[in-house]
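Here is a short briefing on one protein chain. The notes follow the sequence and model shown below.

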Amino acid sequence: MGLIQKMTDKMRDGLRRFLQLTPAPENVIVIDEGLDFLANCAKNRIWYRGKSRQLSQLYSSLDGVEKTMFWAAPMTRGLEIRKLHTGLAKIVIDMLTAIVSNDFNGMEITTENRRLAAEWEEIAKANEWEDKLEACLADVCTVGDGAFKLSYDRELSDKVIIEWFPAERVQFMRRRGHIRGVKFYTDYYRNGKRFQFVEVYTYGSVSYKLLNDSGGEVPLDALEETAWSKGESLAFDKRVMFAVPVVLGRHPQYRGRGAALLDDKDDAGDALDEVFSQWMDALRAGRTKQMIPDRLVPRDPETGEYIAPNPFDNRFIVVGDSMQEGKANGIQTDTPEIPSDSYLAAYITALDIYLQGVISPSTIGIDVKKLDNAEAQREKEKTTLYTRQRLVGLLSKALPKLVAAALNAQAMIVRGEQPIADNLEIKAKFGEYANPSFESQVETVSKARTGGVMSIRTAVDEMYGDSKDEKWKDEEERRIKEENGIAVLPETSALDDVAV
């Protein structure tokens, strides 16, 4: 036993020495972000504009961008190709904006005082609210966030003025993760110098300042456009803020800012444009060529020199005269074969990657029969629904705050009254998005009704959502019951049969 114990202890000590770990050295990882938030917004704006020339200028001027990217790669002189942009970013954002804005059915204010609801309608009409809502949606999808600003100018209107500021012109003031104020920036130019007007909106106050090119503060009356503020701050109830931020998600790189829908699609968009440009270049290069002998080549009638073809009509190739006996020097025609199937497969792959998680191809009018079967397309259509639901959820939180702030501003600034009650029930109403998956929704609800796991009222609510009011739903429920032979009678008891 003593020998075995010694061997066991020796093995244990050896194992301990073998498993002894040394701590890993401390490593410092340095990542070059490349762009700040404002430059990233500018990049997203250029993608949204859809101008190939601006994209080429953008990536040629950016530092730290890989020159192997399609839009950043310089072209060899004499071998230039036409760089084309599909414009898909603008199509996607405009379509999502149209879907959500067209489904907006107005605001519902639940209160006994109907004057507030009528007052909001007047404010919305005076501010052309539909246009501002579309601008808000397009900007949020493009740059990630922004804010509404409320002000009053008696020379323009007797109603409070609603202005929308995109992400490039706002800065959020946060406290413990909560937005407690918004800074609005407006640039003015005078005599080649830039001035920046800053409006600071917080809970209970509004203040102004004017900055020059170097960031120094100058008197507000230095510009005619800002002299009206007179350097005075506005103080009011600290429960109210006349600014409403709208932030879409969380940006993974820029803390506290929203994430645009296509912010991480740069590489996919670059690859899609590359495939499309190469495809079109192959079509141009694959035009029918004519092999023309030297003596038959078109020449300038004045100089006798060859007429040089340009990249578009390069349709002939000069060959030497044949010296073979009995062979005539004639023009030969050659038609190259273009691998269209390979280009189409690459284009579809790049397109799918670009649209993943954002929108369905059928929503933006792409011929889905070339991509997937009908069932796969119905599943992809859910992507549009999820993105729409995300935008609707964002507006459902922001718009009630905007309506409450506008009513408070109208009462406090315009009429000089106390703020309205802060317990108003305000709701943004949205209709149901009509899409191919609506058929599957009808089928699902019908199966639930047939299976006895869903009531008629729940089925009506699921089918029509906010697109119909409660009165209409009550009537629809009654009509369905009557058609199904379900009679609704008042409740009775045995006492009803007792004669009085």
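Two strands pair if DSSP finds at least two bridges between them. Helices (H or I, at least four residues) and strands (E, at least two) are DSSP runs, numbered from the N terminus. The model is predicted: local features need pLDDT of at least 70, side-chain atom pairs count only at pLDDT 80 or more, and totals for chains, interfaces and linings use all residues. Residues are numbered from 1 along each chain as its sequence is written, and side-chain values use heavy atoms, with hydrogens and water left out.

**Strand pairing around S7**

- Strands S7 (residues 205-211) and S8 (residues 217-218) run antiparallel, joined by two bridges.
- Leu 210 stands opposite Val 218 in S8.
- Five residues separate S7 and S8 in their hairpin, and Gly 215 in the turn has a positive phi of about 90°.
- S7 also runs antiparallel to S6 (residues 193-202), with seven bridges between them.
- Glu 199 has Tyr 208 of S7 as its bridge partner.
- The S6 and S7 hairpin has two residues between its strands, and Gly 204 takes a positive phi near 90° there.
- S9 (residues 234-235) pairs with S7 over two bridges, in the antiparallel sense.
- Leu 234 in S9 is the bridge partner of Val 206.

**Helix H8**

- Ile 348, Ala 350, Leu 351, Tyr 354 and Leu 355 of H8 are buried (under 20% relative accessible area, with a 1.4 Å probe and protein chains only).
- Those buried residues pack against helices H4 (88-102) and H7 (266-285).
- Gly 357 follows H8 with a positive phi near 75°.

**Lys 265**

- Lys 265 sits in the loop between strand S10 (243-247) and H7.
- Lys 265 is buried yet has no salt bridge (a side-chain nitrogen of Lys or Arg within 4 Å of a carboxyl oxygen of Asp or Glu).
- The nearest side chain of opposite charge, Asp 264, is 5.4 Å away; Lys and Arg count as positive, Asp and Glu as negative, and His and the chain ends are not counted.
- Leaving aside neighbours within four places in sequence, Lys 265 is in contact (heavy atoms within 4.5 Å) with Ile 353, Tyr 354, Gln 356 and Val 358.

Definitions and conventions:
Buried means under 20% relative accessible area, exposed over 50%, partly exposed in between (1.4 Å probe, protein chains only).
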